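Hi everyone, thanks for coming. I'd like to walk you through one model today, so please have a look at it while I talk.

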Amino acid sequence: MYCDYAHKTGFSVRKQNIVYWAHTRFIKGRGYSCAKAGLKVSKPLRDEQQKYRKLDTRTDCLACIYFNADKEGKNWEVTKFVEEHNHSLASENDRHLLRSHRSISTVQASLLKNMTGVGIRTTDAYNFLADEVGGVENVGFCKSDAYNFVQRERRALIDSGDASSLSKVLQDRQSEDNMFSYDILTDEMNRLIGFLWIDGHSKIDYDCFGDVIVFDTTYRLNKYNLACAPFIAVNHHWQNIFVGGAFIATETIESFCWVFETFLRFVGGKQPTTIFTDQDQAMAVAIERTFPTSRHRLCQWHISKKAPSKVPAFNNDKVVRSLFYYCMSKCDSEIEFEKCWSDMVLRGNLEDNRWLRDLYKVRTRWSTAFNKSCLDLGILSTQRSESANNVLHGCSKATSSLVECYIGLDKLTSNWRRSEHDEDFRCKHGSVTPKIQHCHLLKHISKIYTRKSFSIFEQAYMDGAVGVCVVEESRISENRIVYATQHCESAGDLKRWFVTVDSTNFDANCSCMGFQTKGILCKHILRVYNHTNVKQIPAKYVLNRFTLKAKKGMYLSKEARPKDFDSNLVFRSHMMRFTYDLTRRIEDCKLAKEYVHTAFIEVAKKADEIVDEDEMMRKGVKDKNDKNKGLVRDPPTMRSKGQSNNRPKSHWEKTSKRKTARDDSKGKAPIVVDLKEEPKEYNFLDNITLESFAAPFDTPPSCQNFNVQSSLDAPVDTHYKFSAIPDVLRWNDIPGLRPQSTKAELIQN
């Protein structure tokens, strides 16, 4: 009530102290005053220069109002009201700036949070709200309030520390997604120096499209200058997909090894076929250690960008520059590369160029001539990863925390998946019309490939039909024919590509190795298929990763199983992704969910029966083996061959008999045991073995008249006389004695 009055009058309100009833928490009185009440307490000025000094707005204004309430808090009355002010009041156009009347509503807060979360600047979001309500005076708060709100939301994410908040966010995400995996790397001072995460959707995508990976660490726009290292792949629509992300503090061999080993552990040990990176030496060493079966390729864009500054001849001689670019991506064989490289070096006098010599040593990593047998989807650079960095640039800034960087990359991933889902919808509810409508081969492929994959295939078919001609044909066997092809427009060019076709099953192989590298048949093979009137592409040349059912058929065949399927870890990881993908695809269909749940129950029962039968069989074999083991005894003592080296015994030595213990005991003084003395003085237990306590024997004559229990109950100063050392003592006759008792326990008992 008083706040509304103050807003209409033109002043701001400040709360005063609250008075409570004695020994209770019920309010007795409360007051409100003008915001300019009182005077500012003067503080001594500090020596250093202050960046910001608050304005002194106090004028010792006496305007106020006080209320009193009864003990029940139902009846309130005004006890004091001062209306006069000692300062000028705000005009109607400036009243929206009064502090006590500024507040951000729930709707406005949600809008600010969402707009700034997707990269829109705070000032642009505030201007949008002002335009929506007809001016800043109708917004209800000023621009500084908007900035303060955004900063509070960001601080709330890192309330317990940036690293701790990140760990909590990752843990919360893991509780929502059972297949979500993450790991955090710390130094000797327990400071975060790296973290990596992969969610369940990324694991499914990696199983389907993880053959070619782009890995780049050029983006470092965050508060701690950590390098953002996303793992980018290409899906069946030829779109970027996110299959894992990491942030690392240092780009060292150890850091990259940790990233790659952790990534490999999260994806079940499946290594990519090809991985593209920049020319970082530490990264190359780490890839060689952790991905020994993968083909490491360098980004050609980075190489071509450095070339003009490293080789001045490229700026002066166009022929030298064209030969260099031809070596990068145009050579079809290693022999052609070597010839082209030699011509470039000779023409430009580049024998002493150190940069070219070093580049030649790693030619297998950047030239396509040495990678014809390895799938690379036609990728030549890491620009797919750099495009992700460009998008991430709008989501984070130099002051962004770790949580903000993670959230920004997660939102980027969600946008990519939304684009993939939209393209799946278009392919599902529409079909592509081939440019040649009466071509049976194109019609067949258009029903299998996605729109983008079919577009690439159709372009190759058109280039082969129009731009490639068959110039020679030769039969090398009964069923195999070699076709020599060349470009129609290059009459003077003698370069040819040879296509070998098996007439029985139409298996084809081209010297350009286009299918092996891109995964889609090249124009030379398609030209020969058109020449031989082939109506349908063999199934082996239609890779599942480019089809409409690239994900649905991923786990439905035994060929899709990993190599180490018998390993418990690999099996568990594979089956988790299988069920995760299945449940994600049927979560919107109630009938499918009921069917799958019922089927899983039946499968679980059958699996339990198989496991029980297997355990019984293994137990029977184990019992049989254990029984046989119990029959095994010590081997007999065998007589050695040849003459013994021992000294021959005399007649008297052979005929003499060893004296028994009973005979030895005759004539000896009796043994006296004094229980008061220390046990260490008696060594008769040294000759007693534990095995003798377990076997029942007859009581020897030396202790026939000796009762163990009565002896133990006798006084401690009692002396017992033995004619000889007892041969056997039963362990169960002596309290506190066990068959496994040690010598010390025997003495104590």
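**A walk through the model**

Let's start with two helices: the axes of helix 5 (residues 162-176) and helix 16 come within 8 Å of each other and cross at roughly 35 degrees. Axes here are lines fitted to C-alpha atoms, for helices over the stretch in contact, and angles run from 0 to 180 degrees between N-to-C directions. On the helix 5 side, the contact is made by Asp-162, Ser-165, Leu-166, Val-169, Leu-170 and Arg-173; helix 16 brings Leu-402, Val-403, Tyr-406 and Asp-410. Contact means heavy atoms within 4.5 Å. By type, the residues of this contact divide into six nonpolar, one polar and three charged, where Ala, Val, Leu, Ile, Met, Phe, Trp, Tyr, Cys and Pro count as nonpolar, Asp, Glu, Lys and Arg as charged, and the others, Gly among them, as polar.

Some ground rules before I go on. This is a predicted model, in which local features need pLDDT of at least 70 and side-chain atom pairs count only at pLDDT 80 or more, while totals for chains, interfaces and linings use all residues. Residues are numbered from 1 along each chain as its sequence is written, and side-chain values use heavy atoms, with hydrogens and water left out. Helices (H or I, at least four residues) and strands (E, at least two) are DSSP runs, numbered from the N terminus.

Now the cores. Which residues have the most contacts inside the largest nonpolar core? They are Trp-197, Phe-457 and Ile-537, in a core of 58 residues. Helix 16 (residues 402-428) gives the most to this core, with seven residues. A second, separate core of 32 residues includes Ile-198, Ile-213, Ile-241 and Val-267. A nonpolar core is a set of buried Ala, Val, Leu, Ile, Met, Phe, Trp, Tyr and Cys residues joined through side-chain atoms within 4.5 Å; buried is under 20% relative accessible area, exposed over 50%, partly exposed in between (1.4 Å probe, protein chains only). Back to Ile-537: leaving aside neighbours within four places in sequence, its contacts include Leu-441, His-444, Phe-457 and Tyr-529.

Strand 1 and strand 2 (residues 27-34) share six bridges, and Val-19 stands opposite Gly-29. In the loop between these two strands sits His-23, with a positive phi near 60 degrees. Is His-23 buried or exposed? At 86% relative accessibility, His-23 counts as exposed.

Last stop, strand 10 (residues 274-277). Thr-274 and Phe-276 are buried on one side, Ile-275 and Thr-277 on the other. In a regular strand, side chains alternate between the two faces of the sheet. Strand 10 pairs in the parallel sense with strand 7 (residues 212-215) over three bridges, and Val-214 stands opposite Phe-276. Four bridges join strand 10 to strand 11 (residues 295-298), also running parallel, with Arg-295 as the bridge partner of Thr-274.

Methods. Two strands pair if DSSP finds at least two bridges between them.
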